[in-house]
Amino acid sequence: MQTNPNFFKSIFNGRNAVIAIPYIWLLLLFLLPFIYVLKISFAETIYARPPYSSLLIWGDSWLPSIKASFDNYLFLFSDSLYIKAYLSSLKIAFISTILTLIIGYSIAYSVARAPTRWRGILLMLVILPFWTSFLIRVYAWIGILKTEGLLNLALMSIGIIEKPLMIMNTDLAVYIGIVYSYLPFMILPLYANLEKMDMSLLEAAADLGCRPFKTFWTVTVPLSLSGIIAGCFLVFIPVMGEFVIPDLLGGSETLMIGKVLWTEFFYNRDWPVASAVAILLLAILVVPIMLYQRSQEKAIS
Amino acid sequence: MKKFGSFNIFSLIVGFSFLYIPIILLILFSFNESRLVTVWGGFSTKWYGELLQNQGIKDAAWVTIKVAFVSSTIATILGTIAGLVMTRFGNFKGRTLFSGMIYAPMVMPEVIIGLSTLLMFVALAIDRGIFTVTLAHITFSMCYVAVVVQSRMSSYDDSLTEAALDLGCTPFRTFILITLPIILPAVISGWLLSFTLSLDDLVIASFTSGPGSTTLPMKIYSMVRLGVTPEINAVSTILVGVVTLGVITASLIGRRQKQQILKTQHT
């Protein structure tokens, strides 16, 4: 059979070459790794380097036999720790997304309503912490929240409390850390949306006798829905797998799946179970991630 | 209608206090004489001096700067191409997968990216070190660059590019002479964003680095686990200062560019 030379020419033209450069990079370094995680999640832990068994066994016959086991997944469902960690991550991610939305919306709304000459500088003040190291911002809260920390010292010296508040190493500290760290991710899409809003619609509602609070709920909020959705995805999805915040601010009771994965990998050196934990987390997040991608593509076009 | 009321002022004051007080306290206590982080013992810069003596921190800082410089440069090139592909190449085969691979790394939990990238390096018997951290950083940074470039590309008029192509300019020359100067502010801020993302990353670096390639965030993390010390405050303050300077420079470049465009339009 003879191949048409034009066929190759059409594939290897300049246009496709340009597409291929970033495409192949992402295929090799973003997508391909997941195949290895999936593969190793079916392997067994062994004392060797690397610490997992091979799925293909080359015996005497010319065909390898496949030795895959679902033991790691069965293990995740048999030990209540893992189920609890997934549920607790969902709860923490959900509550902190709502909290971030409420606080982020009032800031984004106020920046968007500020006089035009202030907006640039206010927006930059929102973005600046987002550029600063995540780890450092979480660390800053340790000095404030711990038992002999600055918050307790301040409150006790004013005389509001007599005994120090126990905030450090509780879920409350984790919520504070998450809201603080993810606030800019919520404010930016909301601001982009609120700033473009047609003010005449609000004036029309006011002229027709609608009260400000009702105008807000029936006009402003529905119009900013795409910003709300984008902001919530940007907070909810990464918080589900958050490791640094529960590790540094949370206590021993704070269960989050990102921390469990880290422990399995770095402390227990159980790579197959860590892989199974990652695959299940990915399964939970794949729908939100696809919805986020679709909302972003819509916004661009 | 009242546009900017007391509620707005209140929420801005509370919001910005919440965002900035922790960072200001962190910086303040880096100049504290006392070893106790919560008791003020007078002004001193001794923790910065101590930092200069700490070989572990200096080594980690050097590794981090090298990784951040190389990864942000390559990520900017790849990300700019990706942004171009997303906006100017129409519907090609596999576009949905491509845009999925651009958007997913931005929200994907870092533990998943770190673990998966590491497992691939191990399976392919690639030794872990500066090289593997750099590869991992390029991959997630290029997605941010792609999105920044893409939003700039979709907001400018394509007629200049078309005119150049009609007059017989090759696509590559058109890109260098017309497109690149227009999107340059986005490319520069993409580079700065990649640089800081790489500078900040703890989780992905922890998975993909090997012996001898401890990055600064990894070093800080291991110090934080042992407790709060003024030394950590000092190194954090330096990092915050570097990033703040970078962001302000970037915004000044952007503003200047805008003014130049306005000027040329008026003459």
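Two residues are in contact here if their C-beta atoms, placed from the backbone, lie within 7 Å. Keep that cut-off in mind while we walk through this predicted model, in which local features need pLDDT of at least 70, side-chain atom pairs count only at pLDDT 80 or more, and totals for chains, interfaces and linings use all residues. Residues are numbered from 1 along each chain as its sequence is written, while chains are lettered from A and ligands numbered from 1 in the order in which they are written.

Let's begin with chain A. It has 14 helices and two strands, where helices (H or I, at least four residues) and strands (E, at least two) are DSSP runs numbered from the N terminus. Its C-alpha atoms fill a box of roughly 80 × 65 × 30 Å along the principal axes. The radius of gyration of chain A is 25 Å, against the value near 19 Å that a compact globule of 301 residues would have; this radius is taken over C-alpha atoms, and the globule rule is 2.2 Å times the number of residues to the power 0.38. Of the 301 residues, 42% count as buried. A residue is buried if 20 or more other C-beta atoms, placed from the backbone, lie within 10 Å of its own, exposed if 12 or fewer, and partly exposed in between. Among contacts in chain A with a separation of 6 or more, 69% join residues 24 or more positions apart.

For contacts in chain B with a separation of 6 or more, the share from residues 24 or more positions apart is 79%.

Now put the two chains together. Their contact takes 76 residues from chain A and 66 residues from chain B. On the chain B side, the helices supplying at least two residues each include α3 (55-88), α8 (171-200) and α11 (230-266). The largest share of that side, 11 residues, comes from α1(B). By class, the side of chain B that touches chain A has 48 nonpolar, 15 polar and three charged residues. For that tally, Ala, Val, Leu, Ile, Met, Phe, Trp, Tyr, Cys and Pro count as nonpolar, Asp, Glu, Lys and Arg as charged, and the others, Gly among them, as polar.

That helix, α1(B), is worth a look by itself. From first C-alpha to last, its 23 residues reach 31 Å, close to the 33 Å expected at 1.5 Å a residue; the expected span is 1.5 Å times one less than the number of residues. There is a bend of about 35° at B:Tyr20, and B:Pro22 follows within four residues. The bend is the angle between axes fitted to the seven residues ending at a position and the seven starting there. B:Pro22 is also one of the buried residues of α1(B), along with B:Leu12, B:Gly15, B:Leu19 and B:Leu26. Just after α7(B) comes B:Gly168, with a positive phi of about 95°.

Inside, the largest nonpolar core has 158 residues, and A:Ala108, A:Leu261, A:Val277 and B:Leu115 touch the most other members. Such a core is a set of buried Ala, Val, Leu, Ile, Met, Phe, Trp, Tyr and Cys residues joined through C-beta atoms within 7 Å. Helix α8 (residues 171-195) of chain A gives the largest share of this core, 15 residues. Leaving out residues up to four places away in sequence, A:Val277 touches A:Leu76, A:Tyr82, A:Ile257, A:Val260, A:Leu261 and A:Glu264.

Finally, a few loops. Most residues other than glycine have a negative phi. A:Arg269, in the loop between α13 (257-267) and α14 (271-300) of chain A, has a positive phi near 50°. A:Arg269 counts as exposed because it has 12 C-beta neighbours inside 10 Å. B:Ala125, in the loop between α5 and α6 of chain B, has a positive phi of about 55°, and B:Ala125 is exposed because 7 other C-beta atoms lie within 10 Å. A:Pro50 sits in the loop between α2 (14-40) and β1 (56-57) of chain A, and with 14 other C-beta atoms within 10 Å it is partly exposed. Neighbours within four places in sequence aside, A:Pro50 is in contact with A:Trp271 and B:Val122.
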